[in-house]
Amino acid sequence: MTMGNHRLERFRQEMAGQGLAAALLLKPASQHYLTRFKAVIYSRPIMTLITPYQTSIIVPGLEETHAREEAGVDEICVYYEHPERAGEAGEAVKILGRLVRRLGPSPLIGLEYGFAPLSLAGTLEGWGAATADLDPLLTRMRLVKDGGELDLLRSAGRLVSLAVGETLSHLRPGLSELEAESKGDLAALVWASQEHPGAVVETMAMTTSGPLRTVLPHVLSSSRRFQEREIIIHSRQIGLNGYRAECERTVFIGRPSPRQEEVFQVMVRSQQAALEAIRPGVPCRAVDQAARSVFQEAGLGQYAIHRTGHGLGLEPHEAPYLRFDEELVLEEGMVVSIEPGVYLPEVGGYRHSDTVIVTAQGREVITQAPAGLEEVIF
């Protein structure tokens with residue numbers, strides 16, 4: 001049942017203020033945030049309809065038991081794909097139609113405009129409903145984490161720090177990017193099994209090596225083997241019961257060249273400047289500028305091709321975004337990555353990332369891994 005879900009109670013208050021008869025959620029993170037339910041694959045429709053008095057979820061038959069065990073809802077509506085029961089409830093959209101008709105004539109329904117298919121808005125309008133955008137409300141609610149969310153993020157931070165440290169400790173020539181990642185995966189999963197019984201743990205990693213691959217900020221790891229005098233960016237996120245923390249490090253096998261040392265040190269100073277800028281009341285753009293100014297003063301501004309950081313929580317990337325043009329002001333309880341990066345052709349890419357909680361006093365860094373030049377030469 002939904003009783004005692006303070007997020008849902010707050011969400012309903014916001015719905016009332018906007019005159020919404022209901023809110024229809026399709027985005028997995030939104031459903032998880034308000035109902036605790038999260039499926040593995042959403043190729044089959046899963047929809048949550050929230051009204052002032054009831055929460056209903058529409059799931060396929062293969063998620064029925066899962067929903068009954070985990071979903072914090074009042075009503076579970078199931079559609080089936082096997083012929084023995086296929087005629088019982090009809091398709092997902094037919095179930096949704098029955099739920100919408102309960103709302104009365106011409107209801108105003110909140111919809112996640114940035115996620116929901118355009119065809120669904122048309123279907124709702126065909127039933128006589130009007131729609132409004134839910135994205136600003138959901139984004140605003142999720143920006144500031146509550147105590148339970150922060151505890152999960154701190155634990156995820158410890159897990160991802162362990163995984164990064166374990167991977168770095170095994171770096172050597174001849175090891176592949178994928179093999180290096182497996183060392184950290186195993187360490188984190190074993191520790192999570194011991195310290196967090198019954199928890200759901202998700203791992204995501206990217207490892208790039210060499211001056212050609214490290215200038216690609218987002219690519220999948222490969223079977224490429226490390227060479228002597230190699231530059232490597234090892235990037236990880238680990239999620240604990242849905243909440244993700246991130247840690248990334250730029251490291252070397254063997255002594256880097258003087259130019260590589262120089263650019264690495266600029267990157268470290270850039271990250272430190274961004275960290276020192278974190279505190280309540282500071283606009284996101286000011287954090288980005290603190291990091292970017294270090295690159296610009298070193299003549300590397302044109303190679304700093306992405307924002308300084310992004311929010312973390314239920315998704316790998318979420319608001320707030322630490323961009324040069326983002327006016328949103330940081331608040332206590334927000335969680336962000338600090339990851340200014342610079343990418344020079346044939347010299348390599350350079351990026352450290354840490355996960356940071358905005359506190360009343362400034363910041364709490366919840367990830368730890370070797371970061372100074374002498375610490376990251378293996």
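## Buried sites, cores and voids

Glutamate 230 is buried, with a relative accessible area of 4%; buried means under 20% relative accessible area, exposed over 50% and partly exposed in between, with a 1.4 Å probe and protein chains only. The model is predicted, and local features need pLDDT of at least 70, side-chain atom pairs count only at pLDDT 80 or more, and totals for chains, interfaces and linings use all residues. Residues are numbered from 1 along each chain as its sequence is written, and side-chain values use heavy atoms, with hydrogens and water left out.

Glutamate 230 belongs to strand β8 (residues 230-240). Helices (H or I, at least four residues) and strands (E, at least two) are DSSP runs, numbered from the N terminus. The side chain of glutamate 230 reaches the backbone nitrogen of glycine 210 at 3.4 Å. Neighbours within four places in sequence aside, glutamate 230 is in contact (heavy atoms within 4.5 Å) with Ser209, Gly210, Arg224, Arg225, Val251, Phe252 and Ile253.

Apart from neighbours within four places in sequence, threonine 131 is in contact with Leu108, Ile109, Leu111, Tyr113, Leu124 and Glu125.

### Nonpolar packing

A nonpolar core is a set of buried Ala, Val, Leu, Ile, Met, Phe, Trp, Tyr and Cys residues joined through side-chain atoms within 4.5 Å. The largest such core has 55 residues, and those with the most contacts inside it are Leu171, Ile278, Val287, Leu330, Ile338, Val342 and Tyr350. Helix α10 (residues 258-277) gives this core its largest share, eight residues. A second, separate core of 22 residues includes Ala23, Ile50, Leu314 and Ile357.

Which residues surround valine 287, not counting residues up to four places away in sequence? Valine 287 touches Ala274, Ala277, Ile278, Val282, Thr308, Leu322, Leu330 and Ile338. Valine 287 lies in helix α11 and counts as buried because its relative accessibility is 0%. Valine 287 and leucine 322 are 35 residues apart in sequence, yet 6.5 Å apart in space, C-alpha to C-alpha.

In helix α4 (residues 92-101), the residues Ala92, Ile95, Leu96, Gly97, Leu99 and Val100 are buried. An α-helix has 3.6 residues a turn, so residues three or four places apart point the same way. The buried residues of α4 pack against the strands β1 (22-25), β2 (47-50), β3 (55-60), β4 (75-79) and β5 (108-111), and against helix α5 (118-126).

On a 1 Å grid over the protein atoms alone, a cavity is a set of points where a 1.4 Å probe fits but cannot get out, and a pocket is an open set with protein on both sides within 12 Å along at least five of seven lines; lining residues have an atom within 4 Å of a point. Grid points are joined across faces, edges and corners, and a volume is the space filled by probe spheres set on the points. A search of the whole structure finds three cavities of 30 Å³ or more.

For the lining classes, Ala, Val, Leu, Ile, Met, Phe, Trp, Tyr, Cys and Pro count as nonpolar, Asp, Glu, Lys and Arg as charged, and the others, Gly among them, as polar.

| Space | Volume | Lining residues by class |
|---|---|---|
| Largest cavity | about 40 Å³ | five nonpolar, four polar, one charged |
| Second largest cavity | about 30 Å³ | four nonpolar, three polar, two charged |
| Largest pocket | about 580 Å³ | 10 nonpolar, eight polar, five charged |

The largest cavity is lined by Met206, Thr207, Thr208, Leu216, Pro217, His218, Val219, Ile233, Ser235 and Arg351. The elements giving two or more residues to this lining are β7 (201-209) and β8, and the largest share, three residues, comes from β7.

Around the second largest cavity lie Ala291, Arg292, Phe295, Ala304, His306, Arg307, Thr308, Pro340 and Gly341. Helix α11 (residues 284-297) supplies the largest share of this lining, three residues.

The largest pocket is lined by 23 residues, of which His32, Arg36, Lys38, Glu70 and Asn241 lie nearest its centre. Helices α1 (6-17), α2 (28-35) and α3 (64-70) each supply at least two residues of the pocket lining, and α2 provides the largest share, three residues.

Conventions. Polar contact = N/O pair within 3.5 Å; in protein donor to acceptor, adjacent residues only side chain to side chain.
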